[in-house]
Amino acid sequence: MACDWWKRRSLQNGETPGPGGARIRLRFGLRENHEEDPPNNLIAVGGKRPEGRAEDEGRNAMRKHAGALASFLILLVAAVIVSCAKPYHAETEHYYFVATNINLPYWQEAQAGFLDAAKALGVKADLVGPETYDPGAEATIFRDLVDKQPSGICLSAARTDFFRADIDKAILTGVPVICVDADVPESKRVLYIGTDNVRAGKESVKRMAALAAKGNIIVITIPGQKNLDDRLAGVADALKNFPALKLTKIVDDKGDWRNAFDQISDMILKKEKIDGIICLEAAGGPGAADALSRFDMAGKLPIVAFDKDPKTLDLIEKGAISSTIAQKPYVMSYYGMKFLDDLHHNAVREFKDWRTAPASPLPSWVDTGTAMVDKNNLAAFRETMASLPKAQ
């Protein structure tokens, strides 16, 4: 092989080893700094050049050739080192992100982060899942992927009970699984990357308390989805600090703004007392705002939404939604991809192999945090959203 020949040749010439086994030995015969060449326009009597002039010109030419030779040898050494290096990533490496309701802008933002990280690593990656909220279909897609033994899977589990056994199977067969956005803590998943959802629920209440000092609060969520249940737990806990606010009804919109629209509209028609609406998932905010607009109540009741899809941001600008608790799906999926790659290559060497290690070599939880979006900082968030790469 070229690498072996280069090493043998270098050792025979007595050269010092360099990076990657390459040897470099360059010799140049250069004139001392104090020596000067005669001026080019000096001609001896009879039209002949002064004695030694031809030798000086030869040395000048040699210096030029030596510089070119040095550049060539440096490029040659670099080429040899590159050709000897074993590729870190194989062409067959393929990573997946499994979610549900993937047409939501939230998941398109997550996809951008996942693909950006994959591009930087030079591997293949895809976000897959049902186009509506369908935990059963999502579980089937995940199960089929595990059987194909991909390089790694990020998973946002709509229902923990649908995925626990299949996550454990994936880990036992050597496929790393990282939960992103929605956790399955009872499983053998390696780590969770996402929002502290209990704290996010508390933040929603704090924001509502600043907008409505007292009254009846409606919460829109999807019962049974763990990350949303954690947010609801945060809401219930935070309300203890605001006794003038009362949680009077929980609305299940099943991740569809039309369900939120219909149920809030029905409550208004029945003249139920509503003093504020907290939404714990992305579709609820726009649905509730459209319902209030239908009855000429837009902006008259505070709505604290969740996430920062384009329609929610538009409604904040119009005053129909007061503010939203923004998660960081791009950040979650970007680092999810990086951690999967580290696991696949056993890059973190606390133990010999993560598959047989007594404990995970990675953090058990990465809290990506939240941000409050309202009219004051809306422009900055819109600019960021517009700059995200679009899926091909």
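Modeller: Leaving aside neighbours within four places in sequence, T195 is in contact with A200, Q327, M332, W365, D367, T368, G369 and T370, where contact means heavy atoms within 4.5 Å. This is a predicted model, in which local features need pLDDT of at least 70 and side-chain atom pairs pLDDT 80 or more, while totals for chains, interfaces and linings use all residues. Residues are numbered from 1 along each chain as its sequence is written, and side-chain values use heavy atoms, leaving out hydrogens and water.

Colleague: Why does T195 count as buried?

Modeller: Buried means under 20% relative accessible area, exposed over 50%, and partly exposed in between, with a 1.4 Å probe and protein chains only. T195 has 2% relative accessibility, so T195 counts as buried.

Colleague: Why are helix 8 and helix 9 called oblique to each other?

Modeller: Helices are DSSP runs of H or I with at least four residues, and strands are E runs of at least two, numbered from the N terminus. The axes of helix 8 (residues 257–269) and helix 9 (residues 284–294) come within 7 Å and cross at roughly 40 degrees; axes are lines fitted to C-alpha atoms, for helices over the stretch in contact, with angles from 0 to 180 degrees between N-to-C directions. Under 35 degrees counts as roughly parallel, over 145 as roughly antiparallel, 65 to 115 as roughly perpendicular, and the rest as oblique. Helix 8 and helix 9 are therefore oblique.

Colleague: Which residues of helix 8 and helix 9 make the contact?

Modeller: Among them are W257, F261 and I264 of helix 8 and A288, L292 and R294 of helix 9.
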